[in-house]
Amino acid sequence: GEREITFKVHGDLCSAHGKLLSSKMGRHAILLSINNITQSINISHEQLLDQSLMNIYSMYHRVSILRPGKDEIVTVFTQDHHGIPTDVPHSLKRITDYFSSLAVHEDDRKNYLDFLDSSSLERRISASKRGFINTKIRTQDEDGNYSNKMYLAVAAGNHEVILLVRFANL
């Protein structure tokens, strides 16, 4: 579910908006947005949420929603397009095959394809004691060099998986 509360901090009116993304084994994934309403009095709730999401995006290289059962991936945000449009559903299998041949280091391709294998992704996340799975993969940057990226997959409910990718040195 979702919940919003307002409170004061040092005289400023603030709001916290939380949305439960996933629950498993007593652990919860929550998207939390905290905003200073006093300073943002002329900004709509949607604009405040957009600002909060931009803060999340600044931590991650890519944010995608995977629907393994439907063989779909929707990239919500990315810093490396590699010619793949965002906000449009694509075949998860085709995109992972394409991206692995285009930008994944040759020594990491099998690990990359195994990690994003839609036939076992949800089962592997469910079997994880942590409620998520992760791996490190080298991908090519715009300058042609490879850098380590941390891939993290967490169940988000409704047979969806959130895929977060960030530089591994962060």
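Mentor: Start with β5 and β6: they run antiparallel, and two bridges join them. Two bridges are just enough here, because strands pair if DSSP finds at least two bridges between them. In one of these, I73 has H90 of β6 as its bridge partner. In general, strands of a sheet pair through backbone hydrogen bonds, either parallel or antiparallel.

Before going on, note that this is a predicted model: local features need pLDDT of at least 70, side-chain atom pairs count only at pLDDT 80 or more, and totals for chains, interfaces and linings use all residues. Residues are numbered from 1 along each chain as its sequence is written, and side-chain values use heavy atoms, with hydrogens and water left out.

Now widen the view. Helices (H or I, at least four residues) and strands (E, at least two) are DSSP runs, numbered from the N terminus. The protein has four helices and nine strands.

Next comes α2, residues 92–103. This helix of 12 residues reaches 16 Å from first C-alpha to last, close to the 16 Å expected at 1.5 Å a residue. The expected span is 1.5 Å times one less than the number of residues. In α2, L92, I95, T96, F99, S100 and A103 are buried. They sit on the same side of α2, because they cover an arc of only 125° around the axis. That arc is taken from the directions from the helix axis to the C-beta atoms. Buried means under 20% relative accessible area, exposed over 50%, partly exposed in between (1.4 Å probe, protein chains only). Both β5 and β6 are among the elements that cover these buried residues. So are β4, α3, β7 and β8.

Leaving aside neighbours within four places in sequence, L66 is in contact with residues including I73, L92, L121 and L163. Contact means heavy atoms within 4.5 Å.

L66 also belongs to the largest nonpolar core, which has 20 residues, and is among those with the most contacts inside it. Such a core is a set of buried Ala, Val, Leu, Ile, Met, Phe, Trp, Tyr and Cys residues joined through side-chain atoms within 4.5 Å. α2 supplies the largest share of this core, four residues. A second, separate core has seven residues, including V63 and V154.
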